[in-house]
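User: I've got a model open and would like to go through it with you. Can we take it one question at a time?

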Amino acid sequence: MGELRGAVAVVTGAGRGIGRAIAEELAGGGARVVVNYSRSKEPAEELVQKISSSGGEAVAIQGDVSDAGQAARLIERTVERFGRIDVLVNNAGINIDRTMKKMTPEDWDKVVQVDLNSCFYTVKAALPHFVENGGGKIINISSFVGQAGNFGQANYSAAKAGIIGFTKTAALELARYNVCVNAVCPGFIETDMFAGVPEEVQEKIKARIPLGRIGKPTEIARAVRYLIEDGDYITGQTLNVNGGVYM
């Protein structure tokens with residue numbers, strides 16, 4: 001079983017939504033958490049305060065991980081602060097939803113840069129530290145949309161599918177260093193992103209889900225914690241937490 005207490009965990013895009021839930025879950029398990037954010041400074045700092053007031057240890061570090069230099073500095077600042085990195089959760093992501101008829105090259109590039117390329121940038125920067133430590137855990141947050149596709153989300157689905165392929169290759173290459181790399185594919189989750197969907201569309205979405213409800217961010221967070229604490233013999237896998245919307 002992996003040890004979460006005292007481990008140093010970096011969660012990208014942790015100011016809100018799924019990333020916030022993951023950061024809280026890991027801190028609750030005793031991890032020292034880096035709450036990374038790009039623009040959500042106030043929510044990130046509020047989360048750090050909440051974790052600290054509960055007896056945990058966390059720090060907010062700004063960095064746009066879609067930029068290779070900033071992603072590398074995030075890892076550097078983490079190691080400067082805590083002396084190591086044990087867990088990397090690549091959660092940062094955006095969506096710009098349009099049909100391909102209306103989607104611009106800029107729409108495509110932005111989503112792929114934030115959602116997919118950032119994973120390579122952070123893993124590349126963290127790898128030497130994982131090697132030095134003798135192992136680690138990397139969890140990449142993908143989506144069922146990367147498996148099934150979705151109307152109006154060509155850029156998002158391509159990026160999330162790319163995360164799955166990247167996860168498998170990273171798992172193959174990093175196994176020799178005792179680094180486990182896995183992906184979690186959420187279904188529809190109660191986040192600000194989903195809250196922006198019109199109510200009548202939300203009802204249609206619920207009707208598609210066999211379990212008949214939208215998932216909670218904490219359910220994704222617990223899946224991430226499972227892979228960290230109990231996933232020592234799990235690597236290169238995709239854990240689907242989606243209520244049955246994709247099987």
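Predicted model: local features only at pLDDT ≥ 70, side-chain atom pairs only at ≥ 80, totals over all residues.

User: Okay, Pro128 then: is it buried, exposed or partly exposed?

Analyst: Pro128 is found in helix H4. Its relative accessible area is 49%. Exposed needs over 50% and buried needs under 20%, so with 49% Pro128 counts as partly exposed.

User: And how far is Pro128 from Glu203, C-alpha to C-alpha?

Analyst: Along the chain, Pro128 and Glu203 are 75 residues apart.

User: Let's look at how H4 packs. At what angle do H3 and H4 pack?

Analyst: Two packed helices are described by the angle between their axes and the distance between the axes. Helix H3 covers residues 68-82, and its axis and that of H4 are 8 Å apart. H3 passes H4 in a right-handed crossing. The packing angle is about 35 degrees.

User: What residues make that contact, and how many of them are nonpolar?

Analyst: On the H3 side you have Ala68, Ala71, Ala72, Ile75 and Val79, and they meet Tyr121, Thr122, Ala125, Ala126 and His129 in H4. Two residues of this contact are polar and no charged ones take part. The nonpolar count is eight.

User: Now the largest pocket. Which residues are closest to its centre?

Analyst: The largest pocket holds about 1,200 Å³ of space. It is lined by 48 residues, and the closest to the centre are Gly93, Ile94, Asn95, Tyr156 and Met193.

User: Which elements give two or more residues to that lining, and how many lining residues are charged?

Analyst: The elements are helix H1 (17-28), strand S2 (32-37), helix H4 (105-133), helix H6 (154-174), helix H7 (192-195) and helix H8 (199-208). By type, the lining has 20 nonpolar and 19 polar residues. The charged ones number nine.

User: Staying with H6, how far is Lys168 from Gly236?

Analyst: Lys168 is found in helix H6 and is partly exposed, since its relative accessible area is 45%. In sequence, Lys168 and Gly236 are 68 residues apart. Their C-alpha atoms are separated by 4.5 Å.

User: And Leu172: is it buried or exposed?

Analyst: Leu172 lies in helix H6 as well. Since its relative accessible area is 70%, Leu172 is exposed.

User: What about Ala221: buried or exposed?

Analyst: Ala221 is found in helix H9, residues 217-230. Leaving out residues up to four places away in sequence, Ala221 touches Ala21, Ile22 and Glu25. Ala221 and Ala21 are 200 residues apart in sequence, yet 5.8 Å apart C-alpha to C-alpha. With a relative accessible area of 1%, Ala221 is buried.

User: Last one, on the backbone: what is the phi of Asn178?

Analyst: Asn178 lies in the loop between H6 and strand S6 (179-186). Asn178 is not a glycine, but its phi is positive, at about 65 degrees.

How values were computed:
Residues numbered from 1 in each chain as written. Heavy atoms only, no water. 1 Å grid on protein atoms, 1.4 Å probe; cavity = no way out; pocket = protein on both sides within 12 Å on 5 of 7 lines; lining within 4 Å. Points joined across faces, edges and corners; volume = space filled by probe spheres on them. Helix = DSSP H or I, 4+ residues; strand = E, 2+ residues; numbered from the N terminus. Nonpolar A, V, L, I, M, F, W, Y, C, P; charged D, E, K, R; others polar. Axes fitted to C-alpha atoms, helices over the stretch in contact; angles between N-to-C directions. Left-handed = near helix turned anticlockwise from the far one by under 90°. Contact = heavy atoms within 4.5 Å. Buried < 20%, exposed > 50% of the residue type's maximum accessible area, 1.4 Å probe, protein only.
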